[in-house]
Amino acid sequence: MGQRPITFMRQVLALCVHPELLSSPHFPEDAKRRAERILQACGGHSLGKSPGMQELERSQSQGESGPVPSLAFPWPRPPWAPGAYSVSSGIQLVREDVAQYIQRRDGGIPSDPNNIFLSTGASDAIVTVLKLLVAGEGRTRTGVLIPIPQYPLYSATLAELDAVQVDYYLDEERAWALDVAELRRALQEARDRCCPRVLCVINPGNPTGQVQTRECIEDVIRLAFEERLFLLADEVYQDNVYAEGSLFHSFKKVLTELGPPYSTHQELASFHSTSKGYMGECGFRGGYVEVVNMDPEVQQQMQKLMSVRLCPPVAGQALLDMVVSPPGPSDPSFAQFQAEKRAVLSELAAKAKLTEQIFNEAPGIRCNPVQGAMYSFPRVQLPPRAVQHAQELGMAPDMFFCMRLLEETGICVVPGSGFGQREGTYHFRMTILPPMEKLRPLLEKLRQFHSKFTQEYA
């Protein structure tokens with residue numbers, strides 16, 4: 001989509017993967033220091049533990065005489081081995097840096113590294129926590145409340161775990177707001193067929209792009225406490241907030257500031273990722289989950305469950321460390337890092353506004369403000385003849401629309417039926433990531449296609 005990677009992150013990763021570059025004059029000193037710090041925290045002082053290091057450690061442990069090579073930089077130059085595993089919950093240094101990040105983000109509220117588990121992106125941690133929570137048979141089977149529209153990871157995981165999906169609908173008329181009355185309706189109806197144990201909230205929203213207010217989050221926490229629901233807060237888009245007046249409030253912060261009994265008893269797992277935000281480093285698979293008020297014995301079982309997967313990718317853990325601990329004002333890379341970060345986020349904000357504006361100028365398309373995340377989720381009116389023709393083909397009407405759009409224009413969007421939507425409404429999800437010079441003509445072409453499609457089936 002044309003988004004450039006953040007220079008500092010790629011520099012440190014290059015140094016970590018190939019430490020001989022530490023002697024190169026082409027890397028800034030703060031990137032070298034960061035790479036050294038991460039490598040010192042890894043087993044064998046490397047993302048891969050070398051045979052040379054193993055021999056050195058063995059000779060030291062056996063007390064052999066003779067000069068001991070220094071482990072300080074510049075490094076000895078043994079043949080570097082493939083990457084070593086870390087501990088299952090992640091490199092301790094990175095977990096400590098994550099805890100400090102959370103503490104800064106939440107205005108000084110403490111975070112314990114022992115409650116933080118690094119993961120293969122946020123998705124892997126979400127699946128692990130859901131595995132931990134699903135139990136029972138028949139009417140005692142775990143029910144999980146998920147927002148509709150939702151990110152399909154949730155419905156797919158619940159189907160795989162044979163858990164019961166409990167839908168609650170976001171309010172499209174109020175910019176996809178979360179309504180506690182709707183949560184209560186979903187809960188009441190679900191109790192006839194399952195035991196609701198988990199409430200999932202995606203904030204900022206995917207695919208809907210809304211940012212929940214603090215008041216809404218407080219109401220959700222109170223309801224979860226009252227109904228004895230474990231809270232899952234999917235907060236991977238926390239850096240992506242664009243709309244004027246919108247602010248990201250973490251569930252952890254709001255929960256703590258509500259005070260007892262919520263701060264001392266309400267169970268919460270919150271998730272973050274290196275794949276979104278201004279970073280967009282999806283392929284490195286870095287992420288974490290922080291658990292709050294989890295019973296220590298249950299947390300021990302979670303540790304066991306994670307250990308079956310050995311460990312998250314070590315390069316992804318190193319990248320996560322840079323996300324949660326970026327260059328400071330006194331570092332040589334600070335100015336460039338801040339400029340690159342601001343450029344990505346400001347362009348996303350401009351594209352969010354443009355997308356909403358152009359869609360809302362088109363008859364038959366209505367788009368709520370894209371307050372955050374990376375997508376618009378406009379509602380489209382489809383003529384009855386188009387709906388009928390789609391049904392004759394055995395397709396969802398919005399899938400039929402999206403396939404025709406793809407075939408005739410080359411534009412690929414995702415039908416709203418893939419995320420869930422109220423009966424009789426049709427949507428599609430479109431990313432706002434394309435560069436501005438491509439996004440504007442793309443939106444115009446999409447608007448023209450909808451007009452032509454509507455006339456064809458009028």
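Student: Which residue in S7 does Ile116 stand opposite?
Tutor: This is a predicted model, where local features need pLDDT of at least 70, side-chain atom pairs count only at pLDDT 80 or more, and totals for chains, interfaces and linings use all residues. Residues are numbered from 1 along each chain as its sequence is written, and side-chain values use heavy atoms, with hydrogens and water left out. Strands (E, at least two residues) and helices (H or I, at least four) are DSSP runs, numbered from the N terminus. Strand S1 (residues 116-119) pairs with S7 in the antiparallel sense over four bridges; pairing takes at least two DSSP bridges between the strands. In S7, Ile116 faces Glu290.

Student: And what is the bridge partner of His272 in S7?
Tutor: Look at strand S6 (residues 268-273), which pairs with S7 in the antiparallel sense over six bridges. His272's partner in S7 is Tyr288.

Student: How many residues of S7 are buried?
Tutor: Buried means under 20% relative accessible area, exposed over 50%, and partly exposed in between (1.4 Å probe, protein chains only). Both faces of S7 are covered, with Gly287, Val289 and Val291 on one side and Tyr288, Glu290 and Val292 on the other. For strand S7 (residues 287-292), the buried count is six of six.

Student: Why does Ser270 count as buried?
Tutor: Ser270 lies in strand S6. Leaving aside neighbours within four places in sequence, Ser270 is in contact (heavy atoms within 4.5 Å) with Ala233, Glu235, Tyr288, Val289 and Glu290. Ser270 counts as buried because its relative accessibility is 4%.
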